[in-house]
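Biologist: Let us walk through this model step by step. Please put it on screen.

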Amino acid sequence: MAQMTDEEAQRLDEKWTENPPKPGPSGTGYFTQCKKTAHTITIDNVTANYINTKAIADHKTPAQIIREMVQERITAVL
């Protein structure tokens, strides 16, 4: 992973010091929007590799693969 130079770190520090993010009650911020649309779960390496390999082979995203697997299980129960 690339490391920032001292000059880059200084510019970034100045940017956020002079222009701090302004959270508000409207729920329009980045993390609020992510929280509304996504959940984070932890899976083991074998499962992650399987889902990624299947997604690449099927030209889909890992989220689409998981959604299809869950929908198949729900359909099987009904």
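Biologist: Is H59 buried or exposed?
Modeller: Buried means under 20% relative accessible area, exposed over 50% and partly exposed in between (1.4 Å probe, protein chains only). The relative accessible area of H59 is 75%. H59 is therefore exposed.

Biologist: What kind of model is this?
Modeller: Residues are numbered from 1 along each chain as its sequence is written, and side-chain values use heavy atoms, without hydrogens and water. Local features need pLDDT of at least 70 and side-chain atom pairs 80 or more, while totals for chains, interfaces and linings use all residues, since the model is predicted.

Biologist: Where does H59 lie, and what is its phi?
Modeller: H59 sits in the loop between α3 and α4. Most residues other than glycine have a negative phi. H59 is not a glycine, yet its phi is positive, about 55 degrees.

Biologist: In what order do the elements run?
Modeller: Helices are DSSP runs of H or I, at least four residues, and strands are E runs of at least two, numbered from the N terminus. The protein has 4 helices and 0 strands. From the N terminus the order is α-α-α-α.

Biologist: At what angle do α3 and α4 cross?
Modeller: Axes are lines fitted to C-alpha atoms over the stretch in contact, with angles from 0 to 180 degrees between N-to-C directions. The axes of α3 (residues 45-58) and α4 (residues 62-77) come within 8 Å. They cross at roughly 100 degrees.

Biologist: Which element has the lowest mean pLDDT?
Modeller: pLDDT is the predictor's confidence in each residue, from 0 to 100. The protein's mean is 85. Helix α3 has the highest element mean, 95. The lowest, 66, belongs to α2.
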